Amino acid sequence: MSDTPSHAQKTPTLAIIGGGIAGLTLTIALLKHAPSIPITLYESASAFGEIGAGVGFEPVMVRTMGLIDPRIAAAFEKCSRGNTVTDPPKWFTVRVGDQRKIVGDEKDGVVLEKSGENKKVRLGEEIFTIPAHRGPRGGIHRAHFLDELVKLVPDGIAQFRKKLAHVTEAEDGSGDAVLHFADGSTAQHSAVLGCDGIKSRTRSLVLGNSDSTAAVFSGKYVYRGLIPMTKAIEIMGEDQPKTPQMYVGYHGHVLTFPIANGTILNVVAFSSRPTWTDPNWVVQTSREDMLEDYKHWSPMVRSIMVNLQSFDIWALFNHLPAPIYYRSSPLICLVGDAAHATTPHQGAGAGMCIEDVYILSELLSQCKSKTDLEEAFRAYDAVRRPRSQKLVKTSREAGMLWEFEGEGVGDDLEALERNATTRMAWLWDHDISTDLQKARAIIEEKISS
Ligand SMILES: Cc1cc2nc3c(=O)[nH]c(=O)nc-3n(C[C@H](O)[C@H](O)[C@H](O)COP(=O)(O)OP(=O)(O)OC[C@H]3O[C@@H](n4cnc5c(N)ncnc54)[C@H](O)[C@@H]3O)c2cc1C
């Protein structure tokens, strides 16, 4: 018998496509947990970069960051230092921002008379809070977080201006993936980990020309912009800008939360339309057009919009459920938004990237051959697909809920409270270690059968 290992038994090498939150955390995770597997990260841009906006994480996700590598959780904590911590913690304080919800006399501004209590709630006043879990959580500046992640990636791992165009199977009998880049260059690896976001090329290579390949418009779009905290305090008072606020209304809602260690207010203002035909999903707009969307809203919400700095519009697309997250011959596995791009209405799309990375990197750390890689992908797919696709579906529903369109809820604020205060339990109470156990059991079952 030959001493030369067969192609299937050779030490695998991995290509990571895309250096967003998914690709960077996966790189850090594999360097730590699977140091014997060579990896290369290919990024189409000329440098790592995130947009100048906020992103929020809940304790369930920050805990998983720590399981991947305590330095990732530390990066989050560094970026979130200075955020006001309330006791008990609140995800959002919910207020009505839309004047059309006022019942009775316009001057009273009453939007809710609480049944059973002799209590009236006015436009802009707290209706209820959505409690959050205790633990490290909150909003951070995306670019600051990415900068911290980049520091954890040694030189020589990432290659830039490498836009993946196609993947073919190697002709040397290895079954490897040959990556073809837009600049005409190629690279060969045992498998490809597609972290290339919502417009993923790797997704189209895994799913082919199917209904679930391209993301679909969710019916919502969003203005994203920032306000310096000092200005935000002038508009909203001392307390409101320092903790997350949600102003709900008809076919729109506005979120505010502090980022950049409490120095900037992140504003995410949503609106609705039936279709999106522009091939660009991020477009410039005028302040007049933006204000037109909020012409029925309270003076405070309109003042927030008037003071928004460097804002643009993001069309919110999401993926229909993919039947599978990986393919063989050549091996390609989808991670993060490439697998399950979601609307942001439960603030957990990036959190799902983190969970994907934890499970996948743990499974890959046990792989010694290409056969092992496929088994790891199969187990990852089995445990990650149901939870991540549940997020996409429930997030879309949450978007409707926050905009008085929820089925059986509409603009009934008490029904909204009942739904809002219970709907996140499945997401936030999750124990990711049970998923890892399940995935490992799937692999062991195959080995012993
Ligand atoms: C308005 C809004 C608010 C959000 N708020 C939250 C929140 O509060 N909390 C939360 O958890 N999530 C939130 N999300 C979701 C979160 O932003 C995403 O889930 C997350 O950023 C996805 O990361 P990713 O690495 O999978 O993809 P991306 O960040 O899109 O990264 C993909 C990378 O791949 C590169 N790339 C693309 N194609 C190629 C190619 N062919 N070859 C090589 N490289 C390529 C890109 O340049 C990019 O660097 C929000 C999303 C939106 C739109």
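Start by selecting α1 (21–33), β3 (54–57) and α10 (349–364): each supplies at least two residues of the shell around the ligand, with helices (H or I, at least four residues) and strands (E, at least two) taken as DSSP runs numbered from the N terminus. This is a predicted model, where local features need pLDDT of at least 70, side-chain atom pairs count only at pLDDT 80 or more, and totals for chains, interfaces and linings use all residues. Residues are numbered from 1 along each chain as its sequence is written, and side-chain values use heavy atoms, leaving out hydrogens and water.

Now show everything around the ligand (a heavy atom within 4 Å): 29 residues surround the ligand, and the closest are Glu43, Gly56, Arg142, Leu164 and Asp337.

Next, look at the polar contacts (N or O pairs within 3.5 Å). Pick Arg142, where a side-chain N or O atom is 2.7 Å from a ligand oxygen. Then move to Ala350, whose backbone N or O atom lies 2.9 Å from an oxygen atom of the ligand. At Ser44, a polar backbone atom is 3.2 Å from a ligand nitrogen. Taken alone, the ligand exposes 1,000 Å², and the protein buries 84% of that (Shrake-Rupley method, 1.4 Å probe).

Finally, colour domain 1 (7–82 + 137–215 + 320–448) and domain 2 (90–131 + 218–318), bounds that come from an automatic or database domain assignment. Their C-alpha centres lie 30 Å apart. At the boundary, 45 residues of domain 1 are in contact with 41 residues of domain 2 (heavy atoms within 4.5 Å).

Terms used. Polar contact = N/O pair within 3.5 Å; in protein donor to acceptor, adjacent residues only side chain to side chain.
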